[in-house]
Amino acid sequence: MTGTSVRLTGISKSFLGVPVLRGVDLELAPGEVHALMGENGAGKSTLLKVLAGVHRPDEGRVEIDGVAHTFAGPADAQRAGIGIIHQEFTLLPHRSVAENVHLGREPVRRLRVDRRRMVRETGELLEWLGEDGIDPTAAVSTLPVAQRQVVEIVKALATDATVLAMDEPTAALADHEVELLYDLVRRLRERGIAILYVSHRMREVFDLSDRITVLKDGAFVVCAPTAELTSEDLVRHMVGRDLSALYPDRARPEDLGETRLRITGGGNARVRDLDLQIRAGEIVGLAGLQGSGRSAVARAVFGVEPFTTGTVELDGVARRIAGPRGAVRHGIAFVTEDRKGEGLALRQSVRDNTLLVRRSALRGARSRVAADLTALLESVEVVARGEHQEVRFLSGGNQQKVVLAKWLAVDPKVLLVDEPTRGIDVGAKQTVHQLLRALAGRGVAILMISSELPELIGMSDRILVMHEGRPAGELPAGASEAAVVGLATGHGIGEVA
Amino acid sequence: MSSTTEKPLPVRSVPAQTRTRRFTLTPTVIVYVALVALLVVGSVLVGLQGGVLLDQAGLLNIFTRATALGLVAIGQTIVILTGSLDLSVAYLVGLTSLVAAETMAGQSGMIVPGVLLALAVAAVVGLVNGLVITVLKANAFIATLGVALILRGYLEQNYTGPAGDVPRTFQHLGYDRVGPVPVAALLMLGVAGACWWLLSRSRPGYHIYAVGGDVEVARLSGVHTRRTIVTAHVLCSVAAGMAGIYLASRLGSGAPYVGTDAGFDLESIAAVVLGGTLLAGGRGGIVGTIGGVFILATLDTVFDDLAVDPFFKDVVRGVVLITAVALYARGMVRRPR
């Protein structure tokens, strides 16, 4: 494969009269990883879609190897050698790897789809990437998430792409899977592929990229070699102000109240021997690898897959929680990791989503109260066009704030949050962090799950680490990442550090 | 977290999926097992009353019942796989039977033009269905219901009963048989085979599954999603048109309500779902549908032989349908997302 360079100049794009991109420039060189950063709504995804031929720019030029192109659709961009890894998986789970890789471009021989060739070419690409452990004939639904990401990349490469644009490729991955992706990105770079890498995660960008371009409110802010930027610079460019303290202050000992949630010997099919107490005002972090039982703990407490052994006490009273409805009644709230699938009714309004739990869980007149709606939405700083806007049109950060508002509407005693800041921008992240700390300050006991270690360590008053369904150990506030990883991988503290 | 990089990479340590295809209880397998079970139980029940289910007449009965419904259900399978639906097929069957019979008007020389015109009319209706759904972005349920109402209005305005005349020579299509198997049933199975090939081997077939699986994924992968949906609807309507032509040949004339009296709209959807195709699209296929069609045809034949109350018949059909879908749903639940 020969290298391809891309140059976008003066790209502008408006939707319904609202400018989303305003004269943005971007350059990509062969064998370069170029990070594109900015808050949600800064126009990153739109720029990506212009490059992918999904959107046609109102103004500006797209040049590939010095030749100006006008893309009428995604197929044109593909032909020009541009491959896109979209934020959500674009795979059909029930079809095979090879079928997915060739989707839309199936090779045909004597009228019929040449399946042998599909499998062979997919196998060759997988081998080229050093991922020959994936069987091209396996159904995508049988692969772990990390391998699906590989399939996604192979799918883009199969179009003979020499330019790959990745939109938050790690959003769906756990920490150890992210490392594998890094490795893959580096291998792609060595092979001369130009990579445009969109991400919210600072660390990824600094680990991987050669250059960084920052957008803010649809306009170009800066483009500089990564080595010349610090994370403070970057945040300042993105947000337009300094984010001095990234995490709010932790609870002081005198802020902590009585134990609100106490689990003794909790266990079910996914979790064993769980002992956990959370006091009023405390944020307990729950760490662990994907599949370690991290989320299963929250799901068990909330009654989705209830504990089958052990006892759960709320404010000192033993309770049996058989289902989510019972959990809500007892003052437990659960912000799930799947915001769009489990957290929100996407096609319903901000108002309906915010009042959802109150209407279903409370009885009588209390369930119909909506007078404090504005105050609720303000307290979580939702930015929406109004309470009647459908939540699917909000940015990820604002959606997450609506999820929080939904639970605040019923005044929970215990709040379980699973990946509360996944896929949301730096500004919204900080708001969510401050909100969680403020809630703790009002006496809520919070269990926070996150695969982003700096966040987990920055926020938690204590960290419980899960390994293969059991608690592997507990760490105090401000523990090192190495200690957490050590416990999470089953090595013990400090062994890998 | 540089500390974890020296560990072996889990992506590669995960063993590759074994290549051997394990025999699994897919809906397609279930439906044929159920069909065999039904034939056995039916034979016993009919036998207890002194009859024989699977004699020449019984088989003929089953195949005849399966022919028209089979054709409609084949088309319905294709649209349902794309994530769409067609409620206009029943009226279309009536309309095409009339078009064929009236064009032929008793003359052998007009058989070919009659058949072609009927198929062309069907194709146009399918095209309209497809365009209303893709261009006007109407929900498939409503779009095809609307087209069904338009067809009904036309039929009610212009016909009070059977019309047209099919020449004798064309009636052979409806009545000739090879042993106990009607020629038309073989033709239906031929159409099924062709559609199976189309769906599982051809590029348009791959795109039908892709669009039904996830329209957005298909679109972002460069599939012409609109073209795929329109094609599916045209194929579906043409299949319904074939059913109309077949029924005209059997009845000797066209009949406006021959499709609706048989309830081909909902019946065909029932056969498709019974055959294990997901109503949401993207999974399933013709083979299952044919199984579903034969289950429904066999049930009817058994009930006829037993002279069962028609209301009870419907109750049993309802129970069978719900049981089947519940069974498939359980199968899906066990799989990880």
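In which handedness of crossing does α3(B) pass α14(B)? The crossing of α3(B) past α14(B) is right-handed, meaning the near helix is turned clockwise from the far one by less than a right angle.

A quick note on what you're looking at: this is a predicted model, where local features need pLDDT of at least 70, side-chain atom pairs count only at pLDDT 80 or more, and totals for chains, interfaces and linings use all residues. Residues are numbered from 1 along each chain as its sequence is written, with chains lettered from A and ligands numbered from 1 in the order in which they are written.

Here are the two helices (DSSP runs of H or I, at least four residues, numbered from the N terminus):

| Helix | Residues | Some contact residues |
|---|---|---|
| α3(B) | 56-81 | B:G58, B:R65, B:L69 |
| α14(B) | 286-306 | B:I286, B:F294, B:D300 |

Their axes, lines fitted to C-alpha atoms over the stretch in contact, sit 8 Å apart at an angle of about 140°.

Contact here means C-beta atoms, placed from the backbone, within 7 Å. On the α3(B) side, B:A66 and B:I74 are among the residues that meet α14(B), whose own contact residues include B:V293 and B:A297. By class, the contact has eleven nonpolar, seven polar and two charged residues.

Zooming out, chain B holds 15 helices and two strands. Its C-alpha trace spans about 85 × 55 × 35 Å along the principal axes.

Definitions and conventions:
Axes fitted to C-alpha atoms, helices over the stretch in contact; angles between N-to-C directions. Contact = placed C-beta atoms within 7 Å. Nonpolar A, V, L, I, M, F, W, Y, C, P; charged D, E, K, R; others polar.
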